[in-house]
Amino acid sequence: MRGGIGRPLEVIVDEGGVERALRKLKRKMADEGLIRELKRRRYYEKPSERKKRNEREARRRTARQRSAARRDAGPGREGGGGVGGAGGGGGGGFGEHDEF
């Protein structure tokens, strides 16, 4: 989460109506990670399960950062690229689920 504890999420209802304001609120909640946190806290999580989840999330974060770095490097990056490419080993990015 980006904000501090207890920071209110505010959505102003304007001419767009209540439905639009609700969509904005849901989007803000998702961006803050609030929905994921609520779902996670719905049930007790054993410390061993929490450790496994944290490790899984760390792997996912590093994979996303690596794929973003490769994407930002563009066609002139080291390694030549091409089909199969150099390094990487497995494609990376979305769609790869190493959760068991």
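Reader: Why is Glu 45 called buried?

Author: Buried means under 20% relative accessible area, exposed means over 50%, and partly exposed lies in between (1.4 Å probe, protein chains only). Glu 45 has a relative accessible area of 13%, so Glu 45 counts as buried. Please keep in mind that this is a predicted model: local features need pLDDT of at least 70, side-chain atom pairs count only at pLDDT 80 or more, and totals for chains, interfaces and linings use all residues. Residues are numbered from 1 along each chain as its sequence is written, and side-chain values use heavy atoms, with hydrogens and water left out.

Reader: What makes the pair Glu 45 and Arg 53 a salt bridge?

Author: A salt bridge needs a side-chain nitrogen of Lys or Arg within 4 Å of a carboxyl oxygen of Asp or Glu. In Glu 45 and Arg 53 the closest N and O atoms are 2.8 Å apart, so the pair qualifies. Arg 53 is buried too, because its relative accessibility is 11%.

Reader: Which salt bridge does Arg 40 form, and is Arg 40 buried or partly exposed?

Author: Arg 40 pairs with Glu 45, the closest N and O atoms being 3.3 Å apart. At 27% relative accessibility, Arg 40 falls between the two cut-offs, so Arg 40 is partly exposed.

Reader: How do you know that Glu 57 and Arg 53 are about one helical turn apart?

Author: They are four residues apart in helix α3 (residues 47–73), which means a separation of about one helical turn. A helix here is a DSSP run (H or I, at least four residues), numbered from the N terminus. Glu 57 also forms a salt bridge with Arg 53, at 3.4 Å between the closest N and O atoms. With 21% relative accessibility, Glu 57 counts as partly exposed.

Reader: Which residues are linked in the network of salt bridges?

Author: The network links Glu 37, Arg 40, Arg 41, Glu 45, Arg 53 and Glu 57. Across the whole structure, the search finds five salt bridges.

Reader: Why can Lys 24 be part of a positive surface patch?

Author: Lys 24 reaches 31% relative accessibility, so it passes the area cut-off, while counting as partly exposed.

Terms used
Helices (H or I, at least four residues) and strands (E, at least two) are DSSP runs, numbered from the N terminus.
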